[in-house]
Amino acid sequence: MNPTRKRRLTIVLIVIAAAAVAIGLTVFALQQNMNYLFTPSQVQSGEAGSYRNFRLGGMVKAGSIQRASDSLKVTFTVIDANGSMPVEYTGILPDLFRDNQSVIATGHMDNARFIATEVLAKHDETYMPKELKDAMAKAHQGKQVNEAAGQDKPQ
């Protein structure tokens, strides 16, 4: 092989290697920023075990909200049809947060409890995020899910 072809081959191989490294780093960065949504029963069955941070979705159990008197720390329980998960959050909760309300909390597991860094509450009586609706439907398997719950009210 003559020197010109060797140089071209070397350049092509370097460009291919650089592209492979760039693609690999991009995929790795995107995986680190993904937040998957799980219900309490899915977390308890171990489906969320491999994720460092994820979202937990369900309903706030009636009577489970406990506020610390000396800080912004709040503990509550998120439930779905087959499971429940204790959640701990330090911060200001949304105005719509209350018992029997749909919530999505972002955070991580610490032993058997979920430590939330962000808590979101649904915005009206009929809205439920599509991801949460699908996850709850999968958790209920065989029970009827209200189709209107995943759509906004007509104005």
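Me: In this predicted model, which residue in β4 does Q66 stand opposite?
Reply: The model is a prediction. Strand β3 covers residues 66-67 and pairs with β4 in the antiparallel sense over two bridges. In β4, Q66 stands opposite T75.

Me: How many residues make up the hairpin link from β3 to β4?
Reply: β3 and β4 pair in the antiparallel sense. A hairpin joins them, and the number of residues it runs through is five.

Me: Which residue in β4 is the bridge partner of M59?
Reply: Strand β2 spans residues 54-60, and strand β4 spans residues 73-79. The two pair in the antiparallel sense over two bridges. For M59, the bridge partner in β4 is I79.

Me: Over how many bridges do β4 and β5 pair?
Reply: A hairpin of four residues joins β4 to β5. V78 stands opposite M85 in β5. The pairing is antiparallel, with β5 at residues 84-90, and the bridge count is seven.

Me: How many residues apart are E88 and K73?
Reply: E88 forms a salt bridge with K73, with the closest N and O atoms 3.8 Å apart. The pair links distant parts of the chain, E88 in strand β5 and K73 in strand β4, at a separation of 15 residues.

Me: Is E88 buried or exposed?
Reply: The cut-off for buried is under 20% relative accessible area. E88 has 14% relative accessibility, so E88 counts as buried.

Me: What is the closest N to O distance between R113 and E88?
Reply: R113 is partly exposed, with a relative accessible area of 34%. R113 forms a salt bridge with E88, and their closest N and O atoms are apart by 2.8 Å.

Me: Why does V12 count as partly exposed?
Reply: V12 sits in helix α1, residues 3-33. V12 counts as partly exposed because its relative accessibility is 43%.

Me: What accessible area does the nonpolar patch with V12 have together?
Reply: The patch lies on the surface and is formed by M1, L9, V12, L13 and I16. Together, their accessible area is about 510 Å².

Definitions and conventions. Residues are numbered from 1 along each chain as its sequence is written. This is a predicted model: local features need pLDDT of at least 70, side-chain atom pairs count only at pLDDT 80 or more; totals for chains, interfaces and linings use all residues. Side-chain values use heavy atoms; hydrogens and water are left out. Patches are made of residues with over 30% relative accessible area and no salt bridge: like charges are joined within 9 Å, nonpolar side chains (Val, Leu, Ile, Met, Phe, Trp, Tyr) within 5 Å. Accessible areas come from the Shrake-Rupley method with a 1.4 Å probe; for residues, only the protein chains shown count as cover. A salt bridge is a side-chain nitrogen of Lys or Arg within 4 Å of a carboxyl oxygen of Asp or Glu. Buried means under 20% relative accessible area, exposed over 50%, partly exposed in between (1.4 Å probe, protein chains only). Two strands pair if DSSP finds at least two bridges between them.
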